[in-house]
Amino acid sequence: MPEPVSIDGMPGPVVADPLGSASPSGATCRGYYFPVTQQEGSSAVHRVFGELCAREQLTSDTPIQILLHGGTYDHVYWDWPYQPETYSYVEHATRRGFATLNVDRLGYGKSDRPDPYALGFPAAGHVTRQLVQYLRRGALRVRFETVVLNGHSMGGITAEHAASEGAGVDAVIISGIAPDRPEPEPEAETETEGPMDPDAGEDPFYPFYPAEQDPKFAGEAWPSGYLTTRPDTRAAIFLHEGTYEPAIVALEESLKDTLTVAELSAVRSGPDSSAPAPDVEAPVLHVLGRHDAIACGAAGGDCAAGPAAEDADYIVPDSGHSINVSKGAPLFYERTFAWLAERGISR
């Protein structure tokens with residue numbers, strides 16, 4: 001793996017694991033910390049973790065995908081440890097000749113956790129655009145000529161914002177987010193938010209709660225405003241009965257991460273912050289799981305029955321919201337590589 005260099009007077013990425021990372025994918029991987037800011041002109045520098053994986057010698061001709069996870073996940077979503085030959089997108093992509101930069105978005109995983117009320121999608125898009133610039137300008141000693149953004153759920157909205165800022169990417173893949181997201185009527189908002197608990201009362205965050213109340217994150221010195229899923233709710237939120245293996249449920253709970261109040265509030269408040277950016281010039285592939293109760297709540301959780309059936313480019317059978325941990329994951333991966341190849345992006 002290449003060693004990082006500084007660019008534009010900024011300190012370059014720092015190697016996080018000098019001996020390399022042990023990835024479920026079996027590819028050769030190394031973790032880096034990338035210095036980033038949350039907005040243009042800011043002097044506050046934060047670190048974003050990204051794991052670079054490949055199976056071949058990296059050159060400028062190697063196409064690279066920046067992988068962006070959704071809320072309450074981290075980079076493990078794209079490199080799932082259970083049966084990686086089936087579920088790890090990193091394994092599938094690197095075997096196709098792609099390099100992957102599998103990112104913990106700012107506020108998640110191994111990345112820094114600044115004020116969560118300031119970590120909305122505009123900030124996430126700005127951070128991602130900086131990662132693209134690092135790859136384009138040779139900060140890892142390779143000037144990647146082809147860069148693809150691949151985002152799931154909140155990571156897909158992040159990809160939209162990054163592309164709308166002129167990130168200069170060659171393609172964008174978005175899963176778990178409906179292409180057309182009209183503002184919900186006030187009385188119908190809960191229908192598009194996923195499962196709700198009748199005993200939750202007026203809790204505006206259900207099924208999420210403060211991360212410090214969860215045993216996994218108790219004692220973390222993070223600012224208030226980071227949330228996570230309540231115990232035993234993830235299957236109802238992100239999966240769909242009959243489309244996942246039972247072992248996935250325990251892993252979902254043990255590997256879960258957090259999300260920020262800013263991102264959750266933007267998703268639940270309509271399209272002002274989360275709607276597709278109108279000026280994304282790169283080609284975009286929109287993919288949904290057939291039984292996505294979050295993206296297709298208004299259609300009773302069946303994405304093949306509502307407007308998404310016409311708007312989405314591909315609907316994955318045997319899948320809930322989190323496609324990568326559903327039985328339909330390999331179909332999603334194959335459709336992704338075929339779509340990229342149709343646009344001349346392959347190895």
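The model is predicted, so local features are reported only at pLDDT of at least 70 and side-chain atom pairs only at pLDDT 80 or more, while totals for chains, interfaces and linings use all residues. Residues are numbered from 1 along each chain as its sequence is written, and side-chain values use heavy atoms, with hydrogens and water left out.

**Cavities**

Rolling a probe the size of a water molecule over the atoms shows where empty space is left. A cavity here is a set of points, on a 1 Å grid over the protein atoms alone, where a 1.4 Å probe fits but cannot get out; lining residues have an atom within 4 Å of a point. Points are joined across faces, edges and corners, and a volume is the space filled by probe spheres set on them. By this rule there are 2 cavities of 30 Å³ or more. In the table, Ala, Val, Leu, Ile, Met, Phe, Trp, Tyr, Cys and Pro count as nonpolar, Asp, Glu, Lys and Arg as charged, and the others, Gly among them, as polar.

| Cavity | Volume | Lining by class |
|---|---|---|
| Largest | about 90 Å³ | 9 nonpolar, 3 polar and 2 charged residues |

The largest cavity is lined by 14 residues, of which Arg105, Leu106, Ala123, Ala124 and Val127 are the closest to its centre. Helix α3 (residues 121-136) contributes the most to this lining, with 5 residues. Helices (H or I, at least four residues) and strands (E, at least two) are DSSP runs, numbered from the N terminus. The lining of the second largest cavity consists of Ala54, Arg55, Glu56, Gln57, Leu58, Thr62, Thr94, Gly97 and Phe98.

**Strands and buried helical positions**

Buried denotes under 20% relative accessible area, exposed over 50%, and partly exposed in between (1.4 Å probe, protein chains only). Strand β11 (residues 284-289) is largely enclosed by the rest of the structure, because 5 of its 6 residues are buried. Two strands pair if DSSP finds at least two bridges between them. Strand β7 (residues 171-175) runs parallel to β11 and is joined to it by 4 bridges, with Val172 opposite Val284 in β11. The pairing of β11 with β12 is also parallel, over 3 bridges; Leu288 has Ile315 in β12 as its bridge partner.

Thr336 belongs to helix α10 and is buried, with a relative accessible area of 0%. Contact means heavy atoms within 4.5 Å. Apart from its neighbours within four places in sequence, Thr336 contacts Tyr89, Asn150, Ile173 and Leu285.

Helix α7 (residues 261-268) is likewise mostly covered, with 6 of its 8 residues buried. The buried positions in α7 are Val261, Ala262, Glu263, Leu264, Ala266 and Arg268.

**Positive phi at two aspartates**

Most residues other than glycine have a negative phi, and most peptide bonds are trans. Asp232, although not a glycine, has a positive phi of about 65 degrees. This residue, Asp232, is placed in the loop between β9 (226-229) and α5 (234-238) and is exposed, with a relative accessible area of 76%. Asp318, also not a glycine, has a positive phi of about 55 degrees. The loop that holds Asp318 lies between β12 (314-316) and α10 (329-342), and Asp318 is partly exposed, at a relative accessible area of 42%.

Conventions. 1 Å grid on protein atoms, 1.4 Å probe; cavity = no way out; pocket = protein on both sides within 12 Å on 5 of 7 lines; lining within 4 Å.
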